[in-house]
Structures are given as structure tokens and as C-alpha cells.
Amino acid sequence: MQPVLDYLKQNQKRFLAEFCDYLRFASVSAQPQHKDDLQACAEWLVKHCQQIGLSAKLCQTDGHPIVVAKTPREKNSRNPHYMVYGHYDVQPPEPLELWTTPPFEPRMAGRNLFARGSTDNKGQNFAHLKAVEAYLKTGTSLPCNLTFVIEGEEEVGSANLSKFLTSHRKELNCEAVVISDTGMPTPKHPALTCGLRGIIAFEITLHGPARDLHSGIFGGAVENPAMALARILGKVHDNHGHIQIPGFYDGVLPLSKYEREQNKRYPLTDAQLQKLVGSPQLFGERGFSATEQRSARPTFEINGLTSGYQGEGSKTIVPAWARAKITCRLVPNQKPAQIRKAVCAWLKQVCPPTVRLEIQAGHGAEAYHVSPESAPAQAALRALEKAFGCKPVLMREGGSIPIVNQFKNILGAESLLLGIGLPDDNAHSPNEKFNLDCFENGQRMSAYLWQELVKP
Ligand code: BES
Ligand code: MN
């Protein structure tokens with residue numbers, strides 16, 4: 001093991017240069033104009049995997065390609081097989097004017113590396129690649145056979161990876177899937193995540209007049225779709241953050257006493273959280289702590305709201321339409337299809353007849369929960385402690401990784417969620433960054449993990 005650790009220590013500078021190359025690809029999966037950037041990024045990854053000693057290939061899909069890379073298999077090897085999952089696609093970088101330096105020109109500042117995708121998820125999956133490189137380049141035998149699956153559509157719902165899992169079921173059959181695509185509370189609190197929220201996405205459009213109208217000539221006699229949408233969305237929560245849609249909370253698993261006690265020990269106070277997000281005051285469902293509100297309770301969020309004139313100056317119109325992009329986060333036992341039905345039924349009921357309601361369904365996924373008591377989870381906790389030199393915490397996360405459900409349903413494999421992102425990494429926000437201590441400790445965590453997983 002020592003040669004592996006030494007190799008990691010000695011090569012950090014080169015790793016950083018390579019990491020920057022990875023970050024320069026504008027692999028924005030949601031934006032069609034970046035299709036070639038995703039392809040180029042995937043090709044770069046394949047080459048990089050080959051350089052470090054993996055056998056790697058690019059698998060084309062109906063969307064963006066998937067990178068599959070395997071450690072060399074010894075003949076008749078009885079080593080257990082683990083999959084390492086990650087994604088090379090990133091969220092849109094907009095609004096660009098809020099970035100201190102351009103999102104795809106990596107910038108170092110102290111122990112932080114700024115770029116879109118640095119924490120979510122390029123840096124986190126790169127840490128695993130570097131750990132495996134250390135084994136392969138030092139000739140240290142790897143106690144596990146590994147297959148990296150790094151996809152390009154995580155940020156848009158992983159539609160094509162599901163198909164890929166089904167058609168490659170045998171090849172991908174594994175003990176468990178290792179994923180670093182979540183967070184840890186502070187650099188001194190490594191974490192094993194045992195729950196993720198699910199999600200449903202949809203767009204609501206309200207259609208009003210056949211075209212934008214002069215608001216002086218027609219305003220007052222015609223429904224304004226933006227106003228109608230505001231009225232509807234304003235009814236979703238009561239003043240205490242509780243969602244008013246009938247059936248929304250059906251089946252929601254209440255938090256156990258044990259978990260509520262654990263949540264109290266989460267090392268980020270409400271005051272710290274408020275400072276971090278920069279809101280004038282925190283807001284959330286009454287009766288739950290902020291930690292609970294953002295990990296163990298369901299939500300209804302507007303992600304985008306569009307109507308009328310958005311340019312400079314004023315334009316006096318009644319807009320022809322208004323649109324909201326919505327996602328709801330779901331918790332264990334909420335069924336995405338059922339929640340979607342409840343939301344649609346409620347929208348139809350509250351929508352006035354003065355506008356026409358159009359609902360466009362998007363992706364959806366159930367919440368995920370995994371026991372921290374399994375042998376692989378215990379091994380992961382040991383690896384975290386060795387790598388970070390501090391006791392790991394167990395936590396639930398509010399984000400979603402929809403594909404983990406398919407790993408379970410299609411491959412029969414649970415996921416080990418070993419995230420090394422920080423709450424202030426600005427994932428999905430301007431000035432996203434990745435902490436280089438997390439990067440280094442993450443590499444060591446991966447290196448230890450393959451040893452710990454084969455211990456009885
Ligand atoms: N890495 C995140 C998921 C995540 C973030 C989990 C923070 C836990 C804590 C992932 O890349 C992501 O952003 N997923 C999307 C999924 C969606 C597009 C279906 C999300 O959660 O919004
Ligand atoms: Mn993300």
C-alpha cells in the first residue's frame with residue numbers, strides 16, 4: 001500500500017494539470033450546441049484511462065456517449081468486481097456574468113480549483129481514476145476488479161444509461177457500485193451517504209391571448225398568464241412551508257427518533273448555512289431542522305420562471321404565455337408517478353378557465369436508501385477514516401442520482417455513496433470549485449477502499 005500512497009503524493013502536480021485538461025471541455029449535456037464538446041470530453045477520458053493502464057472504450061448511445069474502462073483482469077481472477085460510476089457532463093454555467101473567471105478556464109486560488117464541473121462531478125470521479133492509476137503504475141496488485149462507467153447524461157436524467165445497463169447486465173454484474181457524487185459537511189467530516197432524495201421534473205405553461213397584447217388597450221379585460229401562474233404557484237405552500245397539494249405527503253416515511261438525534265449532530269449550524277447561501281433568512285417547513293428540510297423532507301421548487309418581456313427597459317404588454325420549470329424532491333416511499341398525478345390533478349383543479357394549462361412531463365426517480373450496516377458500507381467507513389484521519393459521519397443528502405435505482409433494479413447492486421464535495425463548492429451555481437484537500441484525500445480514500453472491501 002505504501003508505494004500507492006507515495007505515488008499519489010509525488011504526482012499531485014501532474015494530476016492537477018490533467019484535471020484542468022478534463023475541466024476545459026464544456027460538456028454541458030442540457031445544451032445541444034455542446035454535443036461535440038461532450039463527445040470530445042468522452043474521447044479524452046477514454047485516452048486518459050488507456051494511458052493509466054485501463055482498457056477503455058467509448059460506447060455510443062442515442063444521446064451522449066458512455067465511457068467504460070476496466071482494470072486489467074488476471075486469468076481466472078476471483079477478485080470481487082466493483083463498478084465505479086461517475087459523470088463527465090456538467091450543468092449549464094449560466095449566468096456567465098457572475099463567474100469571476102470563465103467557467104471552462106480552470107483557475108487555482110489557494111486550495112481551490114474553480115471551474116464548472118470541478119466538484120460535480122469531474123474532480124470526484126478523477127480522484128478514483130488517480131487512485132487506480134497509482135496501483136497500476138506502481139505494480140501494486142489491486143484486490144478488486146474494477147469497471148469505471150462514466151456517463152454524459154447524469155445532469156439530464158441518465159435516460160440512455162438505463163438502456164445500457166440492461167443490454168450490458170452480465171458484463172456489469174458487480175458486488176456494489178462506488179459513487180463519489182455527493183458531499184461531506186466539512187473537510188474534517190468525511191461522509192457515507194445513506195439516502196438520496198428522488199425527483200420529478202415538469203414544465204407548466206399557461207397560454208393566454210393568441211399573441212402579446214398592448215396592456216393599455218387590452219389589459220384589465222384579458223387574463224394575464226404570468227399573473228395566473230403567480231397565483232397558482234403562490235398556493236403551493238402555506239406560510240410555514242408545508243405543501244398544500246392533496247396527496248403530496250402520502251406515504252412519506254416519518255423520520256425515526258434515532259435519525260433525528262443524528263441530524264442534530266450534523267456539523268453545519270443554521271447560522272452557518274444561512275451565511276453560506278446568502279439569504280436574508282432561512283425558510284422551510286415548520287417542525288423540521290434545516291438539515292432535515294434539505295435532505296429528508298419533500299419539496300416543490302420553481303427552477304425557472306419565464307414570461308413576457310425580459311430585455312432592458314419597459315415594454316407594456318399582456319404576455320401571451322407564462323412558463324415555470326418545476327422539480328419536486330421526493331423522499332422514501334413517495335412514488336414519482338403518484339406524486340406527478342397528484343400535482344397534475346391539483347394544477348388542473350386550481351387553473352382558472354381564462355388560460356389553457358399545458359403540462360410537459362420530464363424525468364423522474366424514486367428516493368434511495370441504503371443500510372450503513374452492510375459489509376461494504378463498513379469497509380467504506382474504515383477507508384474514509386484512514387484517508388481523512390477523522391471519524392466519518394452518516395448522512396442523507398437532498399440531491400438526486402436517479403441511476404442508483406437502476407443499479408439496484410437492473411444489476412441488483414447497492415451504491416456506496418462516498419462524496420467528497422463541500423457545501424460551499426457551488427455545485428450548479430456560478431464559481432463552482434473543488435477543494436484540493438478533498439481531491440487528495442479522495443484519492444487516498446479510493447486507494448484504501450479497494451483493500452478494505454476484501455477484508456472479512
Ligand atoms: N451530484 C449531484 C447529486 C447530489 C448533489 C447528491 C448533492 C447529493 C448532494 C448530481 O450531479 C445532480 O446534480 N443530480 C441532479 C439530478 C437531476 C438532474 C435528475 C440533481 O440532483 O438535481
Ligand atoms: Mn449535478
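The dialogue begins with conventions and then turns to strands, helices and the backbone.

Q: Which conventions apply to this model?
A: This is a predicted model, in which local features need pLDDT of at least 70 and side-chain atom pairs count only at pLDDT 80 or more, while totals for chains, interfaces and linings use all residues. Residues are numbered from 1 along each chain as its sequence is written, chains are lettered from A and ligands numbered from 1 in the order in which they are written, and side-chain values use heavy atoms, with hydrogens and water left out.

Q: Is strand β2 buried or exposed, and what covers its faces?
A: In a regular strand the side chains alternate between the two faces of the sheet. Buried means under 20% relative accessible area, exposed over 50%, and partly exposed in between (1.4 Å probe, protein chains only). In strand β2 (residues 66-70), five of the five residues are buried, so β2 is largely enclosed by the rest of the structure. Both of its faces are covered: Ile 66, Val 68 and Lys 70 are buried on one side, and Val 67 and Ala 69 on the other.

Q: Which strands pair with β7, and in which sense?
A: β3 and β7 run parallel and are joined by four bridges, with Met 83 opposite Val 177 in β7. β7 also pairs with β17 in the parallel sense, over four bridges, and the partner of Val 178 in β17 is Leu 416. Along strand β7 (residues 176-179), Ala 176 and Val 178 point one way, Val 177 and Ile 179 point the other way, and all are buried.

Q: What is the order of strands in the open sheet that contains β18?
A: The order is β4-β5-β18, three strands with antiparallel pairing. β4 and β18 are the edge strands, each pairing on one side only. Neighbouring strands of this sheet are turned by 25 degrees against each other on average, direction ignored. Strand β5 (residues 112-114) pairs with β18 over three bridges in the antiparallel sense, and Leu 113 has Phe 434 of β18 as its bridge partner.

Q: Which helices lie across this sheet, and at what angles?
A: Axes are lines fitted to C-alpha atoms, for helices over the stretch in contact, and angles run from 0 to 180 degrees between N-to-C directions. Contact means heavy atoms within 4.5 Å. Helix α2 (residues 12-23) lies across β4, β5 and β18, running at about 25 degrees to β5. Helix α14 (residues 436-452) lies across β4, β5 and β18 and runs at about 55 degrees to β18.

Q: How do helices α1 and α4 meet?
A: Angles under 35 degrees count as roughly parallel, over 145 as roughly antiparallel, 65 to 115 as roughly perpendicular and the rest as oblique. The axes of helix α1 (residues 2-10) and α4 come within 9 Å and cross at roughly 120 degrees; α1 and α4 are therefore oblique to each other. On the α1 side, Pro 3, Val 4, Tyr 7 and Leu 8 take part, and their partners in α4 include Lys 130, Ala 131 and Tyr 135.

Q: Where is Asn 426, and what is its phi?
A: Phi of Asn 426 is near 60 degrees, a positive value in a residue other than glycine. Asn 426 is in the loop between β17 (414-417) and β18 (433-435), and its 29% relative accessibility makes it partly exposed. Asn 431 also has phi near 60 degrees and lies in the loop between β17 and β18, but it counts as buried at 16% relative accessibility.

Terms used. Helices (H or I, at least four residues) and strands (E, at least two) are DSSP runs, numbered from the N terminus. Two strands pair if DSSP finds at least two bridges between them.
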